[in-house]
Amino acid sequence: MNLVDKITKSQIRTDLPEFRVGDTVKVGYKIKEGNKERVQDFEGIVMAIQNRGIGRTFIVRKLSQGVGTERTFPMNSPKIAYIEVIRKGKVRQAKLGYIRNLVSQPKIKERRNKASKEEK
């Protein structure tokens with residue numbers, strides 16, 4: 001293993017939950033104001049995930065007061081305090097660019113666990 005791979009492996013975060021495109025997540029992002037630091041929540045639907053090793057990012061879109069807001073978060077950033085999966089969505093596309101043109105929040109079906117299907 002070369003030096004770049006060793007450094008990259010030490011930088012990748014393993015404490016974050018698994019989520020997919022279409023899931024509703026709440027991201028706690030650390031913001032520094034002067035000499036104080038606080039955590040600001042950003043809750044919305046995951047539109048896209050770019051998988052590029054340590055440069056992995058995901059885009060979250062929320063609708064607040066009729067205005068759509070998108071934010072791109074680097075997955076391995078130390079500024080991310082937490083990621084909480086609120087709802088698991090079931091979509092059939094890898095990138096949800098079409099929700100930019102919608103007037104309201106999209107109605108996304110909820111994804112069920114495989115264990116709940118086996119119990120029935």
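The structure holds six salt bridges, a salt bridge being a side-chain nitrogen of Lys or Arg within 4 Å of a carboxyl oxygen of Asp or Glu. This is a predicted model, in which local features need pLDDT of at least 70 and side-chain atom pairs count only at pLDDT 80 or more, while totals for chains, interfaces and linings use all residues. Residues are numbered from 1 along each chain as its sequence is written, and side-chain values use heavy atoms, with hydrogens and water left out.

One of the salt bridges joins Arg111 to Asp23, with N and O 3.1 Å apart. Arg111 sits in the loop between strand S7 (109-110) and helix H2 (114-119), and Asp23 in the loop between helix H1 (3-11) and S1, so this pair ties together parts that lie 88 residues apart in sequence. Helices (H or I, at least four residues) and strands (E, at least two) are DSSP runs, numbered from the N terminus. Both Arg111 and Asp23 are buried; buried means under 20% relative accessible area, exposed over 50%, and partly exposed in between (1.4 Å probe, protein chains only).

Another salt bridge brings Glu70 and Arg100 together at 2.6 Å, N to O. Glu70 belongs to strand S4 and Arg100 to the loop between strand S6 (89-90) and S7, so parts 30 residues apart in sequence are tied together. Glu70 is partly exposed, at 31% relative accessible area, and Arg100 also counts as partly exposed, at 43%. Arg61 joins Glu70 and Arg100 in a network of salt bridges. Arg13 pairs with Asp15, the closest N and O atoms being 3.1 Å apart, and Asp15 is exposed, with a relative accessible area of 56%.

Now for the sheet. Five strands make up an open sheet in the order S4-S3-S2-S1-S5, with antiparallel pairing; two strands pair if DSSP finds at least two bridges between them. S4 and S5 stand at the edges with a single partner strand each, so one side of each has no neighbour in the sheet. From one strand to the next, the twist averages 40°, taken between axes that are lines fitted to C-alpha atoms (for helices, over the stretch in contact), with angles running from 0 to 180 degrees between N-to-C directions. S3 and S4 pair in the antiparallel sense over eight bridges, and Arg61 has Glu70 as its bridge partner in S4. The loop between S3 and strand S4 (67-74) holds Gln65, which has a positive phi of about 55° although it is not a glycine. Gln65 counts as exposed, at 85% relative accessibility.

Beyond neighbours within four places in sequence, the contacts of Val27 (heavy atoms within 4.5 Å) include Phe42, Phe58, Phe73 and Ile80.

Gly44 is found in strand S2 and is buried, at 4% relative accessibility. Thr57, in strand S3, is buried with a relative accessible area of 17%.
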